[in-house]
Amino acid sequence: MLAVMAREIRLLPRRPALAGLVIVLPVIMLLVLGGIFRAGIPTGMAVAVIDLDRSDLSRAVTRMLDAAPELTVTHRASDLSEARSLIVSGAVRGAVLMPPDLERDLIRGDRPEIVTFYDNQHMSAGSLVARGARNAIDTALAGLRLSVRQGQGEAPVQAMVALQPIPMQAHALFNPAFDYVHFLLAALIPTVLQIIAAAATAYAVSLDFGPGRHPRVLMRMGGGILPAMLGKILPYTIIFLLILGLSDVALYGWLAVPLRGSLWLMALGAVLFVLASQMIGALAFVLTRDMGRAASMIALITAPAFGFMGLGFPREAMSTLAQAWGAAIPGTWYVQLRIDQSLRATPLDISAMSVLWLAVIAGVLAALILAQLSRLARQEAAP
Amino acid sequence: MSPLATAFRAELAAVLGDKQVRMIVLLALILYAVIYPLPYRAELLRDVPVVLVDQDGSTASADLARRVDASEAVALTHRAPDMAEATRLVHERRAYGVMLIPDGFERALLRGDQSPVALYADASYFLMYQRVMQGAAVPLRQMGAEIEAGRLIAQGTPRAVATAQVSPAVQVEVPLFNPAAGYATYVLPAAFVLILQQTMMMGLALAATRRGPLPGHPVWRLMGRAGAWLAIWAGLLPIYLIVLPVLYGLPILGGPGALMMLGLPFVLAAGFLAQLVAALFRCGEVVQVVLLALGLPFFFLSGFAWPVEAIPAHLNAVAQLIPSTPAIDGLVRVTQMGATLPQIAPVLWHLWALAGGLGLTVLAVETRRTARQGHRLPT
């Protein structure tokens, strides 16, 4: 087996396509993904103001909107249809409408409406705009309420207390800085690596076990088909683990993602995850015996895997079928383990379940590969 | 037969006749359309489970809990005596938030003091965090306003004046184009455009790596091929962008005319890019793997899910060279937001510029290769 491994590593520099797939491609992916999310929380979304009142109050609200970190007031629209057109064309992501006589109605106690329109097709940006506008208008109105109470002779501190009888103390569990980037990157890197590990392993296996190749040489070198297969796969396991380690150094070092849990459990999970991903590729190849069809099979399983991990839309809210499909993919459990052990500091007894699932998936895949290999060996033995 | 017609027929045969290419292009359509949207079928998050830690046990705390439980976003599914037990439930993912009503909540309210309530929401899941905060904030604010108004009335302020003083203006929020904030409505229209581009590029690049030499000037050969792509994707594009969304019950505002006008340069640009990828990697299997791995980065580079405002400028500049970046933006605006062509003219020009630029690059590469082959095999 060691002989096969040594041969595989020796051959790597002579196969530029394979070396590109297992080393260059993952490193480029790491750099691109890290680059996209490096800036952190999105700020400065463009919004339009439809100020039909043109009063001190409407100008104060506009100032508050522009001061909100989420927003920048870039346009002034004269009516709703102009604002709508600006949103549809993408010039702005939302618009705030202040009706005529806003200030007068407000002083009279008629409770006029301030309306925020936002583009919820682009939901991530839209919800930021809604939040920014809500807070800015709240702040402007709170200032007004405060001055009314002070005008009635209340002390500033007393007035502040009276404004909010039940204040909400909001705490973001596990993610106090509310930096969603940690979670996205922690999940995107394994997803992309899962695709590459599966596909590259299938490709490496195809170079020796494909039609027109002579796996016998390898089998003689390793002394049997199992050591030959292991010798073929393990060098790439080491390479992918190194790349995963590199991404961890970048995440936890450079991007300063907190690491609160057990490194050992994460490392064990990483080994099982890489092996399971590789075995998806190996299984796809030994089943189809054709790289093209194997690549399509790998694509079907690994390409949509991100959605099933539940980072955007949570797994618990998915249908049972979608949950089951996600549970069969190694990345789902590995990403859960990473998030649990790095950010949530989950107790080990809960997190061990993810590792157990990874081991089960890896075991089942290994058994399927062995069954198919022995079937192929029998076929070759019987002329 | 003219070189143009020969190239047209050869490309049609290469895409529709080759079993593997046909499998990528057609089977991918069916399987991706089934598997990809599977996680998002539920669309909305309702009644996110939250743990209640009620240390006050009073009438007021029970009233607050009832109000929060009644909200659409959250449900108080568990009760725990302390934070340690509540946090354990969150770790197990059986709940996504904790509402802590401290001892003395009611007494502080009766005395006229501020009486805070703590809300812990699981911020590892952005959507869950938002729902938990939303679900609790609205009832809390409402109860707070009622109490403030009640105090003012008790001091002798007329009811109407008290209400106006507590909330001098009404804040209305109108979410446009996806009013229910459905997740499938949000993500699928953009994802379908990306899947279309990736499967198309995989198929065409694979066909390109297997192509034999053809007669005629590269210009005619390339035009013939482009004609074949347009003929095939004139059928497939509406399936991805009209039929599939309708099957999944997504709202469609835009007309098919604007869709096809945007689709034309998009198909050309993606086809030309596929030729370049094929020329760069040569081996069909490698091309497939590379395009597979690029899918997710392309999606996030497009500025749809991750706002373009947050993408570093140099990466964003590179992203503009990928056809999916303008195509996702333009097509989503047309189909989901009802944009007219003049409203998205910059996107249309962007796509045509890409198609033109990439087309010329392919032409340069192929002319050089033909010249080199000519040197090697003088005929």
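I will go through the two chains one after the other, then turn to the contact between them, and finish with a single residue.

Before anything else, please keep in mind that what you are looking at is a predicted model.

Let me begin with chain A, which contains 16 helices and five strands. If you follow the C-alpha atoms of chain A along the principal axes, they fill a box of roughly 100 × 45 × 40 Å. Of the 383 residues in chain A, 48% are buried. When we take the contacts in chain A between residues at least 6 apart in sequence, we find that 75% of these contacts join residues at least 24 apart.

Now to the domains of chain A. Domain 1 of chain A is assigned to residues 2-38 + 179-381, and domain 2 to residues 45-163, so please notice that domain 1 is written in two pieces. The C-alpha centres of domain 1 and domain 2 of chain A are 50 Å apart.

There is also a record to consider for this chain. In an unreviewed entry, UniProt gives the feature "transmembrane region" for chain A at residues 17-37, 180-205, 217-243, 263-287, 294-313 and 350-371. I would like to look at two of these spans in the model. Residues 17-37 of chain A are 100% helix and 0% strand, with 29 Å between the end C-alpha atoms. Residues 350-371 of chain A are likewise 100% helix and 0% strand, and here the end C-alpha atoms lie 33 Å apart.

Let us move on to chain B, in which there are 14 helices and five strands. Chain B has a radius of gyration of 29 Å, well over the 21 Å that the globule rule gives for 379 residues, and therefore chain B is more spread out than a compact globule. Along the principal axes, the C-alpha trace of chain B spans about 105 × 45 × 40 Å. Buried residues account for 48% of the 379 residues in chain B.

Chain B, too, is divided into two domains, with domain 1 covering 3-40 + 182-376 and domain 2 covering 48-166. Between the centres of these domains of chain B, taken over C-alpha atoms, the separation is 50 Å.

For chain B, the unreviewed UniProt entry lists "transmembrane region" at residues 21-39, 183-207, 228-248, 260-281, 286-306 and 347-365. In the model, residues 286-306 of chain B are 76% helix and 0% strand, and the end C-alpha atoms of that span are 29 Å apart. Residues 347-365 of chain B, by comparison, are 100% helix and 0% strand, with their end C-alpha atoms 27 Å apart.

With both chains described, we can turn to the place where they meet.

Strand 5 of chain A, residues 168-173, runs parallel to strand 4 of chain B, residues 117-122, and six bridges join the two. Within this pairing, A:Met168 stands opposite B:Val117, while A:Leu173 has B:Asp122 as its bridge partner. Strand 4 of chain B also pairs with strand 3 of chain B, residues 97-101, in the antiparallel sense and over four bridges. There, B:Met99 stands opposite B:Leu119. Strand 4 of chain B is mostly covered, since five of its six residues are buried.

Is A:Phe273 buried or exposed? A:Phe273 counts as buried because it has 30 C-beta neighbours inside 10 Å, and the cut-off for that word is 20 or more. Setting aside the neighbours within four places in sequence, A:Phe273 is in contact with A:Pro190, A:Pro330, A:Tyr334 and A:Leu358. The C-alpha atom of A:Phe273 is separated by 25 Å from that of A:Ile36, a residue 237 positions away along the chain.

How values were computed. Residues numbered from 1 in each chain as written. Chains lettered and ligands numbered in written order. Predicted model: local features only at pLDDT ≥ 70, side-chain atom pairs only at ≥ 80, totals over all residues. Pairing = 2+ DSSP bridges. Buried ≥ 20, exposed ≤ 12 C-beta atoms within 10 Å, placed from the backbone. Contact = placed C-beta atoms within 7 Å. UniProt positions renumbered as here; feature names shortened; annotations may be inferred. Rg over C-alpha atoms; globule rule 2.2 N^0.38 Å.
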